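Here's a quick briefing to read with the structure open beside you. We'll start with a sheet, then move on to a helix and a chain contact.

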Amino acid sequence: MKKIIKLEGLCCANCAAKIEEEVKKLAGVESAALSFMTQRMTMEIEESKSDEIIEAARKISNKIEPEAEFKVIR
Amino acid sequence: MTKKQKRMTIRLAASALFFAAGMIVEGKAAWYWIFFLISYLAAGYDIPLRAVRNIINGQFFDENFLMTVATFGAIGIGALEEAVGVMLFYQVGELFNDYAVDKSRKSITDLMDINPEYANLIKDGKEEKVDPYEVSIGDRIVIKPGEKVPLDGIVVKGTGGLDTKALTGESMPVEVKENDAILSGSINLNGVLEVEVTKLFDDSTVAKIMELVENASFRKAKAENFITRFAKIYTPVVVSLALILAVIPPLLFGGEWGTWIYRACSFLVVSCPCALVISVPLSFFGGLGAASRHGILMKGSNYLEAMASLDTVVFDKTGTLTTGKFQVTDVDPVEGTKEELLRLAAYGEFHSNHPIALSVKEAYGKSVDETLIGCVEEIAGYGIKAEIKDGERQQGLYIGNARLMKQKGIEITDQGSVTGTSLYVADGSRYLGSITISDTIREDVPMALKGLKAAGVRKLVMLTGDKPEVGQAVGEKLGLDEVHGGLLPGDKVGKVEELLSRKQEGHNLAFVGDGINDAPVLARADVGIAMGGIGSDAAVEAADVVIMTDEPSKLIDAIAISRKTARIVKQNIIFAIGVKVLILILSAAGIATMWAAVFGDVGVSVLAILNAIRALAYQSNE
């Protein structure tokens, strides 16, 4: 399934790359792309693990860029 | 400016003031350092705090950490003024970057902001504001002036002008009246429209476009991936070099600790990768924004990158190079004027609703005096026999195909057309001439093809399911390099594969179609381009690039935008890496000061960002 997340207030391009890198490594994530410009992360993930994956992604985002607000769009 | 940015501006103004005061008092009073301390704190008190917090989170080597170590190091060796200055300039640069990125984000998202918030649903004779998701097919909605069209539908009442700029890039308003189809995402400029909904929100044009835009960030260009990989190794390498620089010369070669620590601190300032990382996606983003402003939607920056080096462009014929609508393209009288021949045909065909008859009447374009038309007899499969009064004389016209002429023993004295259908006209046994009706070539096609050649496209190819001779004739008229006719949809994939194998190394092949029946080809090409995207779901799904209007000439804009973006990206990468490496060398040698280093960080990112923003400002030559 596809999940779209908005990272509002994401202000460091290098952090965006780091977050993307780590989210890609999560188990159950087939692909992930975080665009610094649109502040959107699009993930293709396994449906059965979606809650865990989103929680894990939220942790990664808070760790690397605490200023950004993590919002699940759909 | 956001609240955060305003607060930062005030902090930086205060910091600059104290910095200036410190410079004045320095050397005159022993307590001058207090001014510098206040200046440092005002500009960057949060930087060391963030560095500590991030280290606790396991994040080393971020810009906060680097700036903290660099400035503390400088203070430690007594370069107070420079430490404060570096912090101040670093923050000014960050503020500017933040502002510039915000600004371009906003200008592009505004452009794409076509999402309708509500629909005025008519329920039991009353209007009600509802979520567009809740409206079903067949429901009636009202669209008032200034409102966005929330769902695709057909106008049942009212007239108005629609602004379709967000969909097509076209700034001319489109006039709509009863029975006209309207697309969601356009804006009603004037007049109240009552519309019967024909599509659910999820299937509507606006939802399709938004999905496309949202996914645009999913596919990244090679240059973007390169720069993130580069940044990943750049910072650790420079930080390690800084450590070596600070420790080895004093320990092994008796260098002075202060000098080498100062140089190492300069290294740390230059080691932030942000200028690089920010400027590349910003350029691509600007390029995508410029393209969408011209009615060209791209599904990712990788396609923007690919459009810069097209070698072969393959076109579908019907609906792409041609309009797919039949029109009178030739009137060939053997005697009399063209106008006269067309008039006779239009009178003769007046009562017919056959597509050919409609084209003839459209071409004639004047009103027909019905009293002049006498008895009309239809000869199925052949044409018609019509009696028309021409002054005092009664004309017995035969209008139809070659078989009709043969049957009536009339000799056709001119050549029929290859590309279209010919209609022959005779008065009794006297042959008058022929009218040719054919699929017309789009107006801007000759210009588009010329532009593509001028832009360095090596080969222009046309594939068509139409008869080979028709294809050949159109191809010759347009000056295409290759034409393949009589192809079934499956054959087109084979042809494209063959062309792919023949293209130049490192260049790309684009296929341009109207999205009908050519999804497999769109997918197989390096860049699949669908034209007339609005309204055709299949096209939006299958293509990589969607041209919203019916203009092949938009390809030229797309190429120009992608080349401009590619140039900017290249400039930024070379400039940023070049300046950084230069400053690293100069500061290792002790020639560049920390001031130069801060330019290497902040100055470079400001310039790179300003350069990146240029990508958004593309003007078409028209």
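Two strands count as paired here if DSSP finds at least two bridges between them. With that in hand, β12(B) and β17(B), the latter covering residues 430–441, pair in the antiparallel sense over eight bridges. Keep in mind that this is a predicted model.

**The sheet in chain B**
- β12(B) and β17(B) belong to an open sheet of six strands, and its order in chain B is β12-β17-β16-β15-β14-β13.
- The pairing in this sheet is antiparallel.
- At the edges you'll find β12 (322–333) and β13 (373–379) of chain B, each pairing on one side only.
- Ignoring direction, neighbouring strands of the sheet are turned by 20° against each other on average.

**A helix across the strands**
- Helix α14 of chain B, residues 355–364, lies across β12, β16 (421–427) and β17 of chain B.
- Relative to β12(B), helix α14 runs at about 65°.

**Where chain B touches chain A**
- Chain B puts 19 residues into the contact, and chain A puts in 15 residues.
- On the chain B side, α5 (80–112), α7 (205–215), α8 (222–253) and α10 (274–293) each supply at least two residues.
- α10(B) gives the largest share of that side, with six residues.
- Sorted by class, the side of chain B that touches chain A has nine nonpolar, six polar and four charged residues.

Definitions and conventions:
Residues numbered from 1 in each chain as written. Chains lettered and ligands numbered in written order. Predicted model: local features only at pLDDT ≥ 70, side-chain atom pairs only at ≥ 80, totals over all residues. Helix = DSSP H or I, 4+ residues; strand = E, 2+ residues; numbered from the N terminus. Axes fitted to C-alpha atoms, helices over the stretch in contact; angles between N-to-C directions. Contact = placed C-beta atoms within 7 Å. Nonpolar A, V, L, I, M, F, W, Y, C, P; charged D, E, K, R; others polar.
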